Amino acid sequence: MTNATSCGGVVIFRGKILLLYKNYRNKYEGWVLPKGTVEEGESYNETALREVKEESGVTAQIMKYVGKTTYSFSTSNDLINKEVHWYLMMADSYYSKPQREEYFCDSGYYKYHEAYHLLKFPNEKQILEQAYSEYLSLRNANLWGSKKYY
């Protein structure tokens, strides 16, 4: 059994959420949030920002830590227990470019209800709920970013 740690972001621009579509040899298909593995010497928030940038081309800034999700999966020779730390992030535009090397073939910003129904994994739907609630609280308190995006 191996433990692994990843970090990712729920990235929002003008109320819409960034999603990536992954298609790995037609076996693994679906819409996901950007996330990836912590590299040696990196803090969790640095990992989250780097992975969002690498996987989607999006420059974002962290607004708040949202929480963590855990799940397990099997490889041909091991069981992996994965912990993912999530951050609520603000993008600076609608621009995104999916990372082909990681089998992402599409990306875009979606309204909350669209994003919720598109997401493949229940734990990502749960973190989206939490992050979007935090986003609404920050926005309603006029604490969402330095510009008025909504």
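Predicted model: local features only at pLDDT ≥ 70, side-chain atom pairs only at ≥ 80, totals over all residues.
Colleague: How many disulfides does the count come to?
Modeller: A disulfide is a covalent bond between the sulfur atoms of two cysteines. For a pair to be counted here, the two sulfur atoms must lie within 2.5 Å. By this rule, the number of disulfides is zero.

Colleague: What span does helix α1 reach from its first C-alpha to its last?
Modeller: Helix α1 covers residues 44-56, which is 13 residues. At 1.5 Å a residue the expected span is 18 Å, and the helix comes close to that expectation. From first C-alpha to last, α1 reaches 18 Å.

Colleague: Which elements do the buried residues of α1 pack against?
Modeller: The residues of α1 that are buried are Thr47, Ala48, Arg50, Glu51, Val52, Glu55 and Ser56. Their packing partners are the strands β1 (2-13), β2 (16-24), β4 (35-37), β5 (60-74), β6 (79-91) and β7 (104-110).

Colleague: Which residue with a positive phi follows α1?
Modeller: The helix itself ends at residue 56. The phi of the residue that comes after α1 is positive, near 75 degrees, and that residue is Gly57.

Colleague: Where is Arg14 placed?
Modeller: Arg14 is not a glycine, yet it has a positive phi of about 50 degrees. Its relative accessible area is 48%, which means that Arg14 is partly exposed. The place of Arg14 is in the loop between β1 and β2.

Colleague: And where is the place of Tyr103?
Modeller: Tyr103, a residue other than glycine, has a positive phi near 70 degrees. With a relative accessible area of 34%, Tyr103 is partly exposed. Its place is in the loop between β6 and β7.

Colleague: Which element supplies the largest share of the lining of the largest pocket?
Modeller: The largest pocket holds about 550 Å³ of space and is lined by 25 residues, with Lys22, Tyr28, Lys35, Tyr71 and Lys82 nearest its centre. By class, ten of the lining residues are nonpolar, seven polar and eight charged. Elements that each supply at least two lining residues include β2, α1 and α3 (122-140). The largest share, four residues, comes from β5.

Note on methods
Residues numbered from 1 in each chain as written. Heavy atoms only, no water. Expected span 1.5 Å × (residues − 1). Buried < 20%, exposed > 50% of the residue type's maximum accessible area, 1.4 Å probe, protein only. Contact = heavy atoms within 4.5 Å. 1 Å grid on protein atoms, 1.4 Å probe; cavity = no way out; pocket = protein on both sides within 12 Å on 5 of 7 lines; lining within 4 Å. Points joined across faces, edges and corners; volume = space filled by probe spheres on them. Nonpolar A, V, L, I, M, F, W, Y, C, P; charged D, E, K, R; others polar.
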